[in-house]
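Open your viewer and let us take a short walk together. We will go from one selection to the next.

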Amino acid sequence: MLKHSGSQHIPDSDLIRIADGELSAKAVSATETHLRSCSHCRARLDELKRGADSYDQYHAQVLRPSVELPEAWSSVAARLRKLDETTRKPVFPAVAMWWGVAAALVCCCFVVTWSLYRESPTRRMQQLLTRAAVATTPRYRRVKVIANGRTWYRPATLEGETAQRPYTDERGLEETRAQFVKASYKWDDPLSVRSFAAWRKNLPSRRDRVFSFQDGTEKGRFYRLETETAAGVLRMATLTLRADTLSPVKGAFHFEQQNDVTIEDAGEMPEPPGKLETRNRPQTQNRPLPEPSVVKEVGAVEELRVFAALNAIGADVGESVSVDIAPSKQQVTVAGVGLSPDREQQIRQAVAGMPNTEARFRSGQASAFVNRLPDTATSANAINDTLLRQTLEKQAGGAQPFQTIADKALDASSTILQRAHALYVLAEKFPPSIASHFDASQQDVLRSLRRRHAIVIEQAATDLKSSLLPLLRGTAGMDETQTPRDTSWEVGAAQLYEEAKGLDASLGRILGGTYSQEAGQRFWNKLPDEIQRLEALAVSQEKAP
Amino acid sequence: MAAFHLFAVLPLMETSVLPGSPETKAARLENEIEQIYRQTHGTICSYIRCLGVLQSQAQEVAQEVYLRLYQTMRKGEEILNVRAWLFRVAHNLSLNVQSREKRFRPLDPDWERVTADAGESPERAMLDREKARKVRSALETLSPQQRHCLYLRAEGLRYREIAAVMSISPNTVNEFLKRAISRLAEAVNA
């Protein structure tokens, strides 16, 4: 992507985001300045708008009306009621009436006993709070505070002077801080189980509720602890915990005067520099105290944190972004080339609050991974008029279906290559000799990053296989199962990257048409094996400990 | 670049735990589901159809989406963005239906039929026939993922929401849309 200055033009992807209102206000301002002075970009923006408008019109006036189905709420309602009846009233067969009665009596006894001894919400909450208080949580965290329609980021825990008075970045939060202090809720550590428990314990009257739920968009279960009270200025506090680690991820606070405050976990951060004195309290007796001063020399741990932060915004895949330790070993450098201002801002925000981390960006051509996405508009058209191509088109059912298959296959291959590269970078940066010095939570972070990449590769390999299925019919080797040799994950990652490069090159040649008839046939014949090997390597990566 | 915003209210809507007896709770929950159904049924059904699910099965899949919403809300689970949740479940269920049928479709036959029908019915569309034909031809050259991104964008979903529905990153959504809209622009500006 290009910086929008001088004679350089705004890329289509940014123009489309401008038209869709998906660029940040700052980025829009920069691009508007360029647009005012560049007739080429203005004309291109208009072209793209016409293209998008034509689809919107087609969507609204042709497509939607032609596929709409009549409402059938009555049948949905009937199914909802039936669902309720089945869950509430189990039906016993008539022939087993007496057995049913006996079973009902036993059930009644069980229910009475259970209701006598079952956990009340208060008791369940107490148990969860006790367990959560000793659970391991990341040592240094940031939180996002949303209050009065504004958002702030701050360290999760404030200590020393900063706990008593707001520091520079937090001045706008003074009113919110005052509310917490008035409610006797610890402002220096608001997103913590201990603070929640301490506030709850001192309430003269309260009503507790505990919910367990699955997030619709994220994988994983959560507990929501909710305490309501009629006393004090803080009328209701809700703390959401991850079910697996019991670490708090979100707190919601409803104050007497109807103003709500939300505090969310914003990820890990290294220990901030000296005067701020912000760190998380160790959660167990055995946990070593955090280092008291600024990090003097950075290493793999800091680098891993940066990777995790980039992964959270999807910037560790397919972007021209690199993470390295500076030669002085005093700083982790995040370097990006040719990113949009919006993306640069996102990356800066992702690593904000991480001392000894610097983000540097420069304009220019993006790396191979950004531009590697094949231009499928021309790739399939450019294919040579060879016998192989004719055969493939025939198998696909014509030139048009063949082009669609080529598009899908190249998309999948591109995804595989990007993810395999990201995995390979992790393997190079954090081999076992380095990862063995990580503590359990850091190893979890690394494992989680690796697995995410492996799962996507596996899915993309399946998609690739499906898309090529009509063309590969009759080709040997597609159903063979190949098990990779037992190797460590970093060796497997290197093999996977090599396989991904080989596969992408083969596909590019075959579907892009740059081959002789003989070579094309050779690439084609080995394609099923290449896909199979890559899939097996991805599965092996996913399962690697 | 006007997009459909059928869900002007829904983004603000979060599911909640309802107080009262089980019967009252069930009745209120049913009302809540009915409201959501009436606001979203058309668009969810259309999306299911455009994912390649046959008309005979689409109504069934759509009902399953709302049954799952009911079950999820009845358990007291929190859904922060109902419309994205509905699209995501519809997306997954539709793919399951396709996978169960074990039919491979390089181009969704329903989509082809739909677009062909649309082109043959000028009284239904205010679009110029020639323009509709160009758009339809351009759509046929797009990958299903690019078409799905366009569809969801036209339904008013933000890139972040489209990414959640399709289990891809917002950057990939941007890339798919860039390629799709560029091709549409080529077609209509030619």
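This is a predicted model: local features need pLDDT of at least 70, side-chain atom pairs count only at pLDDT 80 or more; totals for chains, interfaces and linings use all residues.

Residues are numbered from 1 along each chain as its sequence is written, chains are lettered from A and ligands numbered from 1 in the order in which they are written, and side-chain values use heavy atoms, with hydrogens and water left out.

First, select the contact (heavy atoms within 4.5 Å): chain A brings 70 residues to it and chain B brings 82. About 7,000 Å² is buried between these chains, 57% of it from carbon and sulfur atoms; buried area is the accessible area (1.4 Å probe) that two parts lose on being put together, summed over both.

Next, show B:Arg153 and A:Asp56. They form a salt bridge, with the closest N and O atoms 3.0 Å apart. Between chain B and chain A there are 7 salt bridges, each a side-chain nitrogen of Lys or Arg within 4 Å of a carboxyl oxygen of Asp or Glu.

Now move to the cysteines. How many disulfides does the structure hold over all chains? There are 0, a disulfide being a pair of cysteine sulfur atoms within 2.5 Å. A:Cys41 is in none, and its nearest cysteine sulfur, that of A:Cys38, is 3.6 Å away.

Finally, select B:Cys45, which is buried at a relative accessible area of 0%.

Conventions
Buried means under 20% relative accessible area, exposed over 50%, partly exposed in between (1.4 Å probe, protein chains only).
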